[in-house]
Amino acid sequence: MPSSATGAPTKIKMEFKESPYTLENVATGRTFSDTGWLLSDPEYPQPSLLRTLYEKKQLQLKEERYGFYRFADWLPLKRYLQRSAPPITYHSQALGKALGLKNLYVTFNGFWPQKGALMESCSFKETEAYAVCGRLEPDNNKTLVVASAGNTARAFARVCSDNQIPLLLCVPHANLDALWFDKPIDACVRLVSTPKGSDYFDAIQLSQKFCLSDPFIEEGGARNVARRDGMGTTVLSAAFHIGTIPDYYIQAVGSGTGAIAAHEANLRLIRDGRFGDTVMKLITVQNHPFTPVYKAWKMGSRSLLPFDDDTARLQAHQIDAKVLANRKPPYSIPGGLFDALTDSNGLVCTVTNQEIEQAAALFEAMEGVDIHPAAAAALAGLRNEVAKGTIDKKKIVLLNITGGGEKRFKNSKKRFQKYSVETLQ
């Protein structure tokens, strides 16, 4: 989309047109209209994810000036917001050669103007923020509540600040350093922090307490179809660039919502009919020693295995990719990560902090741009699986770089400041 001399997206006029859709209860198959901010089936008392069924079976991309909203045909929106940017997919020559992969494609979510990547938060969490906030009615006057381990908070703060959407962020104390911005955040965005020693799960619990009050509206996390459909644009970007559905999809996971979204986008592309009928093998990566999804999947368990909360908090502080420390992922719920991994014959693997550091250095050396620890975890996992022979080197591999270009972004800005925090002790 159009950008300024610094690479930042500029405001442009976009004609909004709602894309008709219905909701489907994954557990029962019941379809019904979205009567508002629905996060569950009002006629089904048990937990289950919902999915969107779009009237348009084939996705027609909008002009580049629409940014992220190029994918609006498959997004549950009430409006378009300003300053968005889409994921960018490219065929990786240097990194692919280093890994021995002829058909390695990277979907880059971050700031890399030379590639056309203009996400100012440097994270694919922008795909969530622009979709979720776009689902809000334009006349909404409630405060959206979002719990985050860092990147999501940064993305939602920027989007809500730019578009005057009331927002309350709940972030663990240890993750406050992730809340950096190149300019002041509007007063419509407020922040509370859980105490020192807390983790993402504690921030989620705090956010749920706020949502008991009428002035607030729960964002919903993985239960919000807009969040998942927004994240699924990474796969849509890849399919349109490559011309076919990839064979493998690699991403690091905390909640696993991005992997669920990738699988759902995959199913839509199959129904589209123009990109083949491949079901991508999901390869998901966790950062050792915080590996609840890995442990459950290895045991063949649909439920997460029991764990001690204090131990989990300690492990969350030990990992480099702190955004992956989610103690309550949507793993067991119908339509959740267990089902996505099962349907795709997927796998879960783990990497160490050292392997993450090595992968980050490799990507920057080969591709010329820095990446976030979670993205480096995905690359480290891919590297390990290639070495094990798990991946057919001739097949199409899609690596989701979920965040990158932060050093490039900071170096291109004259001002840099952290968000002022109100810490709950």
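Guide: Helices (H or I, at least four residues) and strands (E, at least two) are DSSP runs, numbered from the N terminus. This is a predicted model, in which local features need pLDDT of at least 70 and side-chain atom pairs count only at pLDDT 80 or more, while totals for chains, interfaces and linings use all residues. Residues are numbered from 1 along each chain as its sequence is written, and side-chain values use heavy atoms, with hydrogens and water left out.

Visitor: Let us begin with a loop. Where is the place of Arg 83?

Guide: Arg 83 lies in the loop between strand E3 (50–54) and strand E4 (88–91). Its phi is positive, about 75°, although Arg 83 is not a glycine.

Visitor: Does one say that Arg 83 counts as buried or exposed, and which relative accessibility applies?

Guide: Buried means under 20% relative accessible area, exposed means over 50%, and partly exposed is in between (1.4 Å probe, protein chains only). Arg 83 has 15% relative accessibility and therefore counts as buried. Asn 345 also is not a glycine and has a positive phi, of about 55°. Asn 345 is placed in the loop between helix H10 (337–343) and strand E15 (347–351), and at 56% relative accessibility Asn 345 counts as exposed.

Visitor: What is the peptide bond from His 288 to Pro 289?

Guide: That bond is cis, with omega near 15°. Pro 289 belongs to the loop between E14 and helix H8 (292–298).

Visitor: Which residues does Thr 284 touch, not counting residues up to four places away in sequence?

Guide: Contact means heavy atoms within 4.5 Å. Thr 284 is part of strand E14 (residues 281–287), and with 1% relative accessibility Thr 284 counts as buried. Leaving out residues up to four places away in sequence, Thr 284 touches Gln 251, Val 253, Ala 259, Leu 341, Leu 347, Val 348 and Cys 349.

Visitor: At what angle do helix H6 and helix H7 pack?

Guide: Axes are lines fitted to C-alpha atoms, for helices over the stretch in contact, and angles run from 0 to 180 degrees between N-to-C directions. Angles under 35 degrees count as roughly parallel, over 145 as roughly antiparallel, 65 to 115 as roughly perpendicular and the rest as oblique. Helix H6 (residues 233–242) and helix H7 (residues 257–272) have axes 8 Å apart and pack at an angle of about 40°, which means that H6 is oblique to H7. From H6, the contact is made by Val 235, Leu 236 and Ala 239, and from H7 by Ala 262, Ala 265, Asn 266 and Leu 269. To sort such residues, Ala, Val, Leu, Ile, Met, Phe, Trp, Tyr, Cys and Pro count as nonpolar, Asp, Glu, Lys and Arg as charged, and the others, Gly among them, as polar. The contact of H6 with H7 has 6 nonpolar residues, 1 polar and no charged.

Visitor: At roughly what angle do the axes of helix H11 and helix H12 cross?

Guide: The axes of helix H11 (residues 353–367) and helix H12 (residues 373–388) cross at roughly 95° and come within 8 Å. H11 and H12 are therefore roughly perpendicular to each other. Where they meet, H11 contributes Glu 355, Ile 356, Gln 358, Ala 359, Ala 360, Leu 362 and Phe 363, and H12 contributes Pro 373, Ala 376, Ala 377, Leu 379, Ala 380, Arg 383 and Asn 384. These residues divide into 10 nonpolar, 2 polar and 2 charged. Pro 373, in helix H12, has a relative accessible area of 36% and is partly exposed. Not counting residues up to four places away in sequence, Pro 373 touches Asp 320, Ala 321 and Ile 356.

Visitor: Which residues touch the most other members in the largest nonpolar core?

Guide: In soluble globular proteins, nonpolar side chains tend to be buried together. A nonpolar core is a set of buried Ala, Val, Leu, Ile, Met, Phe, Trp, Tyr and Cys residues joined through side-chain atoms within 4.5 Å. The largest nonpolar core here has 76 residues, of which Tyr 69, Leu 144, Phe 156 and Leu 169 touch the most other members. Helix H3 (residues 151–163) supplies the largest share of this core, 6 residues. Another core lies apart from it, with 40 residues, among them Leu 324, Leu 362, Ala 375 and Ile 391.
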